[in-house]
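Hi there,

Here is the structure I promised to pass on to you. Have a look at it first, and then read my notes below.

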Amino acid sequence: MKNKFTTHKEFYKKEIPDNNKCKVIRDKCGNITFKTVMGGNPNPSVIKVSSNEYLNKITGELIQSGRKSINKGDNVRSVINSSTLWHDLISANISDHTKVLRFCLTFEDKTLDLDLIRDLYARFMRKLRRKFVKVFGNIEYMYSPELYKNEDGYHLHGLLFFPVSTKKPFIDYKVFRKIWANGDVDIEECKTRGELFSYILSHSTDSKDEFAEHMNEKFERIKLIPANAKLVRYSRGIKAPIVETISYDEWKSEFGDIKPSFERVYYKDFYYVETDKKFRVWYFYRFYRANDLRKINYKSNINTYKRL
């Protein structure tokens with residue numbers, strides 16, 4: 001299997017069926033993301049018949065899906081999905097990064113018990129809200145656990161949102177540490193919107209700079225976390241972005257003439273040894289920045305949000 005990036009002009013040469021399913025993701029800030037996939041194996045030799053069984057249509061053999069994942073490294077896709085969720089939730093809920101504080105919470109008595117960590121964090125948030133509700137109003141949060149380098153315990157990285165506050169949020173370190181009461185803390189403002197996305201979940205990259213090496217190191221530790229653990233936890237006030245499934249024909253009528261702020265098109269070639277066949281899958285991604293849409297007076301109803 002190989003990936004190859006190409007231009008959108010080459011993509012448009014393909015005959016995309018008008019009924020091809022497309023995903024349109026609208027967030028609170030007014031940004032719109034478009035995704036679609038075209039192609040695939042029209043006659044797969046293996047089909048899924050149950051949650052853990054696959055049927056080989058050539059041999060008639062029933063194949064077990066294999067052992068269950070023990071940690072995140074057994075299914076890296078779950079880590080990528082968590083990272084995507086983190087990004088989507090930020091896009092759907094935060095339009096002003098100055099109303100966000102980022103934090104790190106450690107445990108004086110190191111623990112690997114994620115259930116205990118969840119309970120301690122819930123107790124901490126109840127105390128924090130009681131202390132600052134009259135100052136900032138409602139406080140929302142997102143956080144993720146991360147292993148130490150020696151893998152003997154977790155610490156937490158997260159964000160605190162102050163969506164209705166008229167003041168720039170600030171919490172004194174000593175006050176924050178006293179409320180946490182389980183170890184040392186760190187709390188500071190987010191200087192850029194980009195910090196909201198990169199602070200928590202790491203990613204694997206081929207870059208060689210110092211930040212990239214740090215991210216790769218964190219990514220390797222995330223892969224050691226148990227498979228059934230949640231990498232992203234968030235409060236009830238956090239809303240999911242609107243995700244619509246429309247046809248390609250419907251997308252053309254609404255967005256076909258609008259130039260995207262960013263786009264990426266690539267394909268993957270797949271080869272099946274059993275049938276000696278090769279087929280290609282195309283992936284198409286477009287991003288429309290809210291500011292660019294406002295310039296052309298694009299309007300859309302994005303007022304309805306749902307809980308994930």
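**What I found**

Let's start with the aromatic rings: F103, F107, Y121, F124, Y141, Y143, F176 and W180 are linked into a cluster by ring pairs. Rings of Phe, Tyr and Trp (its six-membered ring) count as a pair if their centres lie within 6.5 Å; the pair is stacked if the planes are under 30 degrees apart, edge-to-face if over 60, and tilted for the rest.

Before going further, two notes on how to read everything here. This is a predicted model, where local features need pLDDT of at least 70 and side-chain atom pairs count only at pLDDT 80 or more, while totals for chains, interfaces and linings use all residues. Residues are numbered from 1 along each chain as its sequence is written, and side-chain values use heavy atoms, with hydrogens and water left out.

**The chain as a whole**

The chain has eight helices and 14 strands. Both are DSSP runs numbered from the N terminus: helices are H or I with at least four residues, strands are E with at least two. Of the 308 residues in the chain, 41% are buried. Buried means under 20% relative accessible area, exposed means over 50%, and partly exposed is in between (1.4 Å probe, protein chains only). If you take the contacts (heavy atoms within 4.5 Å) with a separation of 6 or more, 71% are between residues 24 or more positions apart.

**More ring pairs**

How many aromatic pairs does a search of the whole structure find? The search finds 13. One of them is edge-to-face, because the rings of F136 and F162 have their planes at 65°, with centres 5.0 Å apart. F136 sits in helix α3 and F162 in the loop between β9 and α4 (173-180), so this pair ties together parts that are 26 residues apart in sequence. F136 is buried, at a relative accessible area of 4%, and F162 counts as buried at 1%.

Y248 and W251 make a stacked pair, with 5.5 Å centre to centre and 25° between the planes. Both lie in helix α7 (residues 248-255), three residues apart, which is about one turn of the helix. Y248 and W251 are both buried, too.

There is also a charge to look at: K110 lies over the face of Y148, 4.5 Å from the ring centre. For this, NZ of Lys or CZ of Arg has to be within 6 Å of the ring centre and within 35 degrees of the ring normal.

**Strands to look at**

Find strand β7 (residues 100-105), where six of its six residues are buried. V100, R102 and C104 point one way from β7, and L101, F103 and L105 point the other way. β7 runs antiparallel to strand β9 (residues 154-161), joined by six bridges; two strands pair if DSSP finds at least two bridges between them.

β4 and strand β5 (residues 53-56) are joined by four bridges, and K48 has Y54 as its bridge partner in β5.

Not counting residues up to four places away in sequence, T33 touches K23, V24, I25, Y285, R286 and F287.

R129, in helix α3 (residues 114-136), counts as partly exposed at 29% relative accessibility. Leaving aside neighbours within four places in sequence, R129 is in contact with N138, I139, E140, Y141 and S235. The C-alpha atoms of R129 and E140 are separated by 9.3 Å, with the two residues eleven apart along the chain.

Cheers!
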